[in-house]
Amino acid sequence: MKLKFSLSYLLILLIPVCEACLILLRLPVSFWGNSEIFFEDDLFYYLQIARNIYKGHGPTFDNLTATTGFHPLWQIIIVPFVWLGDELSKPWGALISVIFLNLVLIMLSIFILQEILKKIINPLVSALSISLSSTLSLPYIFNGMETSLTIFLVSLTALKLIGILQKDNPRKSS
């Protein structure tokens, strides 16, 4: 399926991107002062395990004991982002790079969800509903866990499934 860029896509992206950028700009405050930004403790574990993997210690948190307490696909995906983040800027780089990855996955999910809604309901209503509900995705951008990947993969699967069902039933694929 070919995605077309339109004004509605731009509007859909503006809300979560602007909110995420404002929160990212406040990251230093969250470490040095009172802040409303909280990160899940699992994010710290994912970052530390990724560091140990790229440093050649394997999947371990403490360099002593191997661990399996993580989602393997997500852990593999974030290892290069943590490495790149650590190379570019310590201590912020790894955190920001994983948050950026989550942001990209959520934005792609929003694109896919709009395509799904356009197939089911009116395009204008779908753009409005996605724009209004995009703020619900912010916690998933900043949790640093596999949630954004899961949302993306489930959205992509749903889009493909709807495409297959519409091919099987051309009467309903207006």
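Phenylalanine 142 counts as buried, at 6% relative accessibility, where buried means under 20% relative accessible area, exposed over 50% and partly exposed in between, with a 1.4 Å probe and protein chains only. This residue lies in helix 7; helices here are DSSP runs of H or I with at least four residues, strands are runs of E with at least two, and both are numbered from the N terminus. The C-alpha atoms of phenylalanine 142 and asparagine 102 are separated by 7.4 Å, although the two residues are 40 apart along the chain.

The model is predicted, so local features need pLDDT of at least 70 and side-chain atom pairs count only at pLDDT 80 or more, while totals for chains, interfaces and linings use all residues. Residues are numbered from 1 along each chain as its sequence is written, and side-chain values use heavy atoms, with hydrogens and water left out.

I turn to the packing of helix 5 and helix 8. Their axes are 8 Å apart and meet at an angle of about 25°; axes are lines fitted to C-alpha atoms, for helices over the stretch in contact, and angles run from 0 to 180 degrees between N-to-C directions. Helix 5 is therefore roughly parallel to helix 8, a description for angles under 35 degrees, with over 145 roughly antiparallel, 65 to 115 roughly perpendicular and the rest oblique. Among the residues making the contact are Asn102 and Ser109 of helix 5, and Phe152 and Ser155 of helix 8; contact means heavy atoms within 4.5 Å.

Serine 155 lies in helix 8, residues 147–168, and is buried, with a relative accessible area of 4%. Beyond its neighbours within four places in sequence, serine 155 is in contact with Ser109, Ile112, Leu113 and Ile116.

Next, the salt bridge. How many does the structure hold? There is one, the term denoting a side-chain nitrogen of Lys or Arg within 4 Å of a carboxyl oxygen of Asp or Glu. Arginine 51 pairs with aspartate 86, their closest N and O atoms being 2.8 Å apart. Because arginine 51 belongs to helix 3 and aspartate 86 to helix 4, the pair ties together parts 35 residues apart in sequence. Both partners are buried.

Finally, leucine 47. Leaving aside neighbours within four places in sequence, leucine 47 is in contact with Val82, Ala94, Leu95 and Val98.
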